[in-house]
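Let's take a walk through this one together, with the ligand sites as our landmarks. Keep the viewer open and click along as you read.

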Amino acid sequence: MPFFIEVVLPLSLPKPFTYAVNEAEYAFLQTGMRVAVPFGRNKIYTGLVLTKHQTPPQLYEAKDIHQILDDFPLVTQTQLDHWQWIASYYMCSLGEVYKSAMPGAFLLESETLITSRPDFNAENEQLSDDEYLVYEALQTQSALKVQEVVSILNKKTILPVINRLIAKNAISLQEEINEKYKPKTIRYIRLQGEFLKQEQLSELMEVLSRAQKQRDAVMQFFQLQASVKKPITAKILTEAGVTAAVIKALVDKNIFEEYYLEEDRIQFDNATNTGFGLSPKQQQAFNEIKTSFEQKDVTLLHGITSSGKTEIYIKLIEEFIATGRQVLYLLPEIALTTQLVVRLTAYFGNQVAVFHSKYSNNERVETWQQVLAGSEKAKVVIGARSALFLPFEDLGLIVIDEEHEQTFKQVDPAPRYHARDAAIVLANLHKAKVLLGSATPGIETYYNATHGKYGYVTLRERFGNVTPPEIILIDIKDKYKRKRMTGHFSDEMIDAITETLYNGKQVILFQNRRGFSPWVECMTCGHVPQCPQCDVSLTYYKYKNALRCHYCGYNIANPTNCHKCHSTDLNTKGFGTEQIEMELKSLFPNKNSWRMDQDTTRGKHGYEKIIDSFKNKEIDILVGTQMLAKGLHFDNVGMVGILNADNMLFQPDFRAFERAYQMMVQVAGRAGRKGDRGKVFIQTYNPLHNVIQQVTTNDYEGMYKEQLYERHNFKYPPFYRLIRITLKHRDYEKLKDSALWLYNVLSQNLGIPVLGPEEPGINRIRNEYIRTIMVKIPSAGNSLGATKKAIEKILGSFEAVPQYRPVRVTINADPY
Ligand code: ADP
Ligand code: ZN
Ligand code: ZN
């Protein structure tokens, strides 16, 4: 009797593959265990067991597996159900979901490159013979393919050896080399163990009787310990008046001990519950959420910026983990985790785990295993969207903070899922509750919350009853006419900045474009330098004196003559953050201006560094792109300035007005979070524009009603579900033909609106031409699943046409 297993491979394959196993393996294997299997020509992949059976495959002869990699399932049935849903809803293969869900270290394959770690010392670690052979080979070769390890060890079962070397930190995988996330470390001081007991204290005082300052320092330490109830940082100790020299002396005497902890992995002895109470308004919202959860699985908390939503989440999380269930807290942006982790760890102690793609493989593997085991160390998991894929045992609650953020949607590669929507499905599988939080909910979310699908709770008051910021519009058309502009700053904006800085407050300025100028123009012939590979103009960077493509990274030195007519009369047009920063340096030469955008945060921890310096008030004026709008908390921001509201409004996208509203309200929310009322200055050519007026009066409902009306008229969500099909090819004509063919077949067969094939605003990237087709499926009725199946079938026949096969097709369900 033969034995078989169905295995999903981390590849874009339409179906799982069948492999042969022996009887013992058959008895041992369970759904969710990994197996190393051969696939294609001489390749090894890490596959996942889906099912077992005894029916040989019809079309091919099943190969044997190489080996079993797990002693127990690493992936749960609930996860597999969830992945299946993602694959079918977002129209991709299960293998693609599997690949993106698992930490890389779980998915070793023959092409994976391994390298040695320079900080590893073989003398301190026990290596087995096999491990040593690999280690030795890496001393002479900079990298090895997993496949090459097979020949070094002269056997097929090598993945366990590699896994052990990873666990011993002796090697790392290629993908980690580029940028390994290293959270900031903090220096802590504690007493050496023997002095911890009370009776030792007098002895210690005795020892220090002739060192008054050191005695005081120890007393100070005890006092701080009693009042702070947290590990004592060196910083707190020095702030309390103990000098660095005294600390050092005590360390040298082995009385104090220094130790370092990463900021977001701080270990607390036990939850040092920094108790706080909810304000009456917060308490009311909290009660309403709980009542709502009796009826509804999903509830929206619509609370204005700085209303204290986080505190409500914390109290709610506390109740859920008290019942023994797990909690997932999703954030739109990795960079926000540090702030939150500090806040949650102070409250929940060691029960908080962090999971995101910038953590090393080791850390991700560790968290995965803790979550799978239902460990106390991972009762609350904080993460960006990929945390959704962890092997939760018993999830009770998912909190999705800033649910309107478009970063919850994965753009590339597949699965192109929306973490909010996928989280709601996951919660459903666990019978868990979902709390969505935002000051500016997405239109679809608000629609669901006001049409009975989700519960709805509002919080309309800032914590501490701080008044929401005052919003002042500046008409720059008028300012230009009356010559009241210096560069891109109106006199009013300059005065406001001057006054804010004078009062010791900080300033945030928002400009939604990076670089110095989005394009350069020849004043003689009108030529604008374009990227040779993409259909976009090159952005001018003054500091580097270069032109750069934001789509493919192509860059050249800034030309002195026009490439077309050789004229030297070149002019820069439009403005970005770099230009604003330069103008600030001349307007406020004695102040520290800084810029936060993709260009300055690219390096290691660039983002955290800037945020830390701003928090520490080393920066007076921070200029940035939409990165500034993402739920950051600063206490000392007196004003926010938006330099040009118009370029957010006029984007060719049905969500442009919704986004512009969200962006402006969120950036405005950074002003005046503690104490005084903040001010927000918005420069615009269109002060009477509806969206600008809605921002000024904080009229979310007004914005929503108007947008909903438009969405209804033009067949957009929530009334229609969109599926965008993108076709790419280097050959313009071939692409045009194929797109037309696909469009014709779709529109003839589906019987619903199909739009296109359209040349998008940017119709060529990296030398590939682009065409898009949009399918609109009515939300009313139940045709969604059937329509997706029909589209997949049509795409199947499209790929069967030989001349269309090289055209790359991607599908995006619910594009953002
Ligand atoms: P939101 O996320 O709604 O914008 P936050 O949760 O960040 O607002 O709260 C804004 C500020 O108010 C934070 O500095 C927070 O620490 C403080 N705060 C909110 N609620 C409380 C509370 N109940 N007790 C003490 N401080 C609070
Ligand atoms: Zn020219
Ligand atoms: Zn380019």
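This is a predicted model: local features need pLDDT of at least 70, side-chain atom pairs count only at pLDDT 80 or more; totals for chains, interfaces and linings use all residues.

Start at the zinc ion (ligand 2): its site is tetrahedral, with angles of 106 to 112° among its four donor atoms. The donors here are the SG atoms of Cys522, Cys525, Cys562 and Cys565, which sit 2.3 to 2.4 Å from the ion. To count as a donor, an N, O or S atom has to be within 2.8 Å of the metal (3.2 Å for Na, K and Ca), and water is not among the atoms, so sites may look incomplete. Read along the sequence, the donor residues follow the spacing C-x2-C-x36-C-x2-C.

Residues are numbered from 1 along each chain as its sequence is written, chains are lettered from A and ligands numbered from 1 in the order in which they are written, and side-chain values use heavy atoms, with hydrogens and water left out.

Back to the cysteines. Cys525 is partly exposed, at a relative accessible area of 39%, and Cys565 is partly exposed too, at 30%. Buried means under 20% relative accessible area, exposed means over 50%, and partly exposed is in between (1.4 Å probe, protein chains only).

Next stop is ligand 1. Which residues are closest to it? They are Gly277, Gln282, Ser306, Thr310 and His633, out of 16 residues that surround the ligand. A residue counts as near if one of its heavy atoms lies within 4 Å. By class, that shell has four nonpolar, eight polar and four charged residues. For the bookkeeping, Ala, Val, Leu, Ile, Met, Phe, Trp, Tyr, Cys and Pro are nonpolar, Asp, Glu, Lys and Arg are charged, and the others, Gly among them, are polar. Helix α13 (residues 309-322) gives the most to the shell, with three residues.

Zoom in on the oxygen atoms of ligand 1. A backbone N or O atom of Gly308 lies 3.0 Å from one, and an N or O atom in the side chain of Lys309 is 2.9 Å from one. Glu311 also has a polar side-chain atom 3.0 Å from an oxygen atom of the ligand. Taken alone, ligand 1 exposes 560 Å², and the protein buries 82% of that. Such areas come from the Shrake-Rupley method with a 1.4 Å probe; for residues, only the protein chains shown count as cover.

A few spots elsewhere deserve a click. Lys433, in strand β18 (residues 433-438), counts as buried at 18% relative accessibility. Its side chain makes a polar contact of 2.9 Å with that of Asp297. A polar contact is a pair of N or O atoms within 3.5 Å; within protein, one must be able to donate a hydrogen and the other to accept it, and residues adjacent in sequence count only if both atoms are side-chain atoms.

Last, look at the backbone. The peptide bond from Asp412 to Pro413 is cis, with omega near -10°, and Pro413 lies in the loop between β17 (395-401) and α16 (419-430). Glu402 is in the loop between β17 and α16, and has a positive phi, near 55°, in a residue other than glycine. Glu402 is buried, at 10% relative accessibility.

Notes:
Helices (H or I, at least four residues) and strands (E, at least two) are DSSP runs, numbered from the N terminus. Four donors count as tetrahedral if all angles lie between 85 and 135 degrees; four count as square planar and six as octahedral if opposite donors are over 155 degrees apart and all others between 65 and 115; anything else is irregular.
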